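Visitor: Could you walk me through how the two chains in this entry meet?

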Protein chains: 2
Amino acid sequence: MLPSFFQEKDPFAPIKYGYEVEEVICQRQTRHQELLIFKSPYFGRVLALNGVVQLTERDEYFYHEMLAQVALHAHPSPADVLIIGGGDGGALREVLKHKVVKGALVVELDEEVIEACKEFFPTLSAGFADPRTQVLEREGADFLAQTKERFDLIIVDSTDPVGPAESLFTSQCFIHAFSALKAEGMFVAQTESLHFHREFVRQVQHRLAQVFNLVDLYTVPLATYAGNWWTFSITSKAHNPREVLRKCEVFTRYYTEDVHRHAFLPPSLYQELLSDKIAP
Amino acid sequence: MLPSFFQEKDPFAPIKYGYEVEEVICQRQTRHQELLIFKSPYFGRVLALNGVVQLTERDEYFYHEMLAQVALHAHPSPADVLIIGGGDGGALREVLKHKVVKGALVVELDEEVIEACKEFFPTLSAGFADPRTQVLEREGADFLAQTKERFDLIIVDSTDPVGPAESLFTSQCFIHAFSALKAEGMFVAQTESLHFHREFVRQVQHRLAQVFNLVDLYTVPLATYAGNWWTFSITSKAHNPREVLRKCEVFTRYYTEDVHRHAFLPPSLYQELLSDKIAP
């Protein structure tokens with residue numbers, strides 16, 4: 001029997017997931033966090049930061065496609081894209097599938113994550129070699145507060161909102177994100193699980209609604225994030241994110257136009273989930 | 001720090017879930033399986049059989065409502081209902097919410113599960129005291145093969161399809177279920193996770209399609225079953241299970257008519273998931 005890696009340190013999940021470990025590939029303390037890459041018989045290579053699994057080779061596409069492709073297809077022309085976090089390159093890979101994208105700026109707090117992913121997840125992180133890509137090692141909320149650049153799309157691909165990532169979900173940060181968007185801009189962020197973090201989802205939706213006209217929520221069932229039923233909060237200055245404006249012409253494994261539309265909850269369920277009716 | 005209960009014995013899940021244990025409430029070896037009930041700070045009371053969590057007080061309603069209410073609302077008049085398994089009483093509770101139900105027969109392999117749930121999950125299992133309820137301690141596939149009774153609705157609420165529950169998913173068993181249904185009868189079974197058991201879901205759907213005209217699949221994201229993205233395979237002799245035939249007039253926490261319709265995947269996604277395109 002193989003040894004197991006249990007996410008006992010995950011502060012944000014009431015279930016601790018355990019993975020079989022075939023081989024530890026990389027284990028190091030970066031300037032910001034504990035980085036672990038191991039091989040699991042079922043999931044392939046797995047990346048964990050501070051003891052919490054961030055991605056597995058087997059199922060990362062569910063998360064990365066849904067994080068990026070919905071806004072990429074709801075925006076009429078996403079030329080300039082900002083990714084906050086996303087040091088593994090998964091969101092970047094999805095963004096760069098679109099020829100309409102002229103520039104993708106990755107603002108990642110921890111460049112050592114990027115370096116490790118270039119080495120151990122070469123397919124996932126191939127986008128870092130694309131000439132359209134720029135990388136900035138910097139804290140995301142801080143960057144948003146100060147940048148003079150304007151983007152068509154901002155994607156927040158953060159770790160759990162405890163510790164460094166907490167600053168990405170404040171009202172102040174959302175105001176700065178609004179300012180950093182062009183007139184038809186969109187903003188999307190991973191916002192945790194409707195099962196385990198519903199109160200957090202509510203708070204984020206409430207804060208976003210104070211800044212953006214159009215705020216919505218879509219979900220995808222994920223296998224490897226505790227609580228699954230993962231949410232993405234999406235906001236927009238002009239276009240309804242439920243609508244597919246650009247026909248899907250890129251290769252995806254899970255995302256389709258039908259998936260796009262179905263990922264948004266029926267309005268009644270959306271309202272109920274964010275009310276107290278079925279809480280907790 | 002509390003001790004943890006890890007599902008290390010789960011033979012059907014590549015992730016082992018771990019729960020904090022505040023108190024062990026009941027631990028016994030029944031004639032058929034190892035039964036454990038413990039209290040977890042987040043989930044309340046938790047029932048595990050053979051080391052695999054079957055339900056938690058906190059989130060069982062997602063599973064039980066979706067298992068039972070879809071068919072109960074798609075059938076024009078579900079008077080006679082058969083539940084196979086379901087010894088905890090959760091599916092029975094949902095069935096008995098409907099006044100149109102005249103009789104509910106629970107065929108459960110292990111009466112000691114029923115007894116333990118009556119004692120330690122009194123709300124969940126209250127339906128066993130309802131005069132419409134009958135209980136038979138018997139192996140479900142065996143009962144279906146021999147019964148002369150005819151039902152409007154058959155609900156299979158089994159453990160994972162390894163060991164005793166395996167016999168409930170054979171073609172032979174589906175043929176017997178078909179025979180045990182009235183002319184407008186429906187059949188619904190929990191059929192595991194689209195993430196972790198997609199091949200099993202495919203097999204079951206294929207076998208059902210050889211017996212029933214109308215075969216469909218719906219899902220719910222569950223927090224406490226490994227792989228979440230839980231599937232229910234539903235079949236019908238006459239009515240399309242996607243359609244809500246009877247207005248929802250019972251109290252539910254998650255199920256609504258919108259949830260009913262949304263739980264069914266868009267046809268293109270359903271086809272893709274059961275093809276090889278995005279496997280595994």
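Guide: What follows is a chat about the interface between the two chains. This is a predicted model, in which local features need pLDDT of at least 70 and side-chain atom pairs count only at pLDDT 80 or more, while totals for chains, interfaces and linings use all residues. Residues are numbered from 1 along each chain as its sequence is written, chains are lettered from A in the order in which they are written, and side-chain values use heavy atoms, with hydrogens and water left out.

Visitor: OK, what area is buried between chain B and chain A?

Guide: About 3800 Å², with carbon and sulfur atoms giving 60% of that; buried area here is the accessible area (1.4 Å probe) that two parts lose on being put together, summed over both. I15(B), H195(B) and H262(B) supply 15% of what chain B buries against chain A, more than any other three residues.

Visitor: And how many salt bridges does the rule find across the interface?

Guide: The rule, which asks for a side-chain nitrogen of Lys or Arg within 4 Å of a carboxyl oxygen of Asp or Glu, finds zero salt bridges between chain B and chain A.

Visitor: Switching topic, which strand of chain B does strand 2 of chain A join?

Guide: Strand 2 (residues 15–20) of chain A is joined by five bridges to strand 2 of chain B, and the two run antiparallel; strands are DSSP runs (E, at least two residues), numbered from the N terminus, and two of them pair if DSSP finds at least two bridges between them.

Visitor: Which residue stands opposite Y17(A) there?

Guide: That is Y17(B), in strand 2 of chain B.

How values were computed:
Helices (H or I, at least four residues) and strands (E, at least two) are DSSP runs, numbered from the N terminus.
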